Amino acid sequence: MISFDIGLSGQRLSFDDAVLSHFDRHRQTRFWHREAGGLLFARLALPMVEVCAITGPRRTDSRSRYSYWPDERAEQREIDEMFSRNLHFVGCWHTHPEDVPTPSRVDTRNITDCVRRSQHALNGFVMAIIGRAPSPGGLFVSVCDASNVHVLRACSRALPATEQLARRCEC
Ligand SMILES: [Zn+2]
């Protein structure tokens, strides 16, 4: 399990081992591997937000080495189904073919769509990007609100809990 403090909110985000192994299985370690992605679901026991369920990639997603477009209808079905099991949609994940990933402009723009579509008690929306390096080094985790992407650092490190990217969302 890896956990992160969410800024000064007092909330803490964690990823279960099953979720971390799912990330690990989809790392783009070979040049023919395509981007993969899906949704993240959490059990809310505030201040703990425990990401314990994950979906994707799906056969109906559109995927290439440098792009990933999810099947949005399938996503909605997953959100409804998980909600009936008391698991809350808290964010998205996808892979990048780079060792230590950083969000692209498209990623930053798309995440605000997700913010609009989700309703939950978390202070923002999680965007996880999985690079080629094993986690935690290759794992980019952020919480996004309507205008900013806040990068989270794993709790085990002695760095500030959040660091605001200079970049602002463009929508
Ligand atoms: Zn991306």
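Colleague: Which residues of α1 are buried, and what makes them so?
Modeller: They are V19, H22 and F23. A residue is buried if 20 or more other C-beta atoms lie within 10 Å of its own, exposed if 12 or fewer, and partly exposed in between, with C-beta atoms placed from the backbone. Helices are DSSP runs of H or I with at least four residues, strands are runs of E with at least two, and both are numbered from the N terminus. Before we go on: this is a predicted model, where local features need pLDDT of at least 70, side-chain atom pairs count only at pLDDT 80 or more, and totals for chains, interfaces and linings use all residues. Residues are numbered from 1 along each chain as its sequence is written.

Colleague: Why do you say the buried residues of α1 line one face?
Modeller: Seen down the axis of α1, they fall within an arc of 100 degrees, so one face it is; the arc is that of the directions from the helix axis to the C-beta atoms. On the other side, D17, A18, S21 and R25 are exposed.

Colleague: What do the buried residues of α1 pack against?
Modeller: Their partners are β2 (11–15), β4 (48–54), β7 (88–95), β8 (125–130) and β9. Contact here means C-beta atoms, placed from the backbone, within 7 Å.

Colleague: What makes N86 stand out?
Modeller: Its phi is near 65 degrees, a positive value in a residue other than glycine. Most residues other than glycine have a negative phi, and most peptide bonds are trans. N86 sits in the loop between α2 and β7.

Colleague: Which peptide bonds are cis?
Modeller: One is L46 to P47, with omega near 10 degrees; P47 is in the loop between β3 (37–45) and β4. Another is G56 to P57, with omega near -5 degrees, and P57 is in the loop between β4 and β5 (62–63).

Colleague: What makes the largest nonpolar core a core, and how many residues has it?
Modeller: Such a core is a set of buried Ala, Val, Leu, Ile, Met, Phe, Trp, Tyr and Cys residues joined through C-beta atoms within 7 Å. The largest has 33 residues, and those with the most contacts inside it include L40, F41, V51 and V90. β8 gives the most to this core, with 6 residues. Leaving aside neighbours within four places in sequence, L40 touches V51, I54, V90, G91, C92, W93, V126 and A128.

Colleague: How do you know that β9 and β10 pair?
Modeller: Two strands pair if DSSP finds at least two bridges between them. Here 3 bridges join β9 (139–144) to β10 (148–152), and the strands run antiparallel. C144 stands opposite V149 in β10, and a hairpin joins the two strands through 3 residues.

Note on methods:
Contact = placed C-beta atoms within 7 Å.
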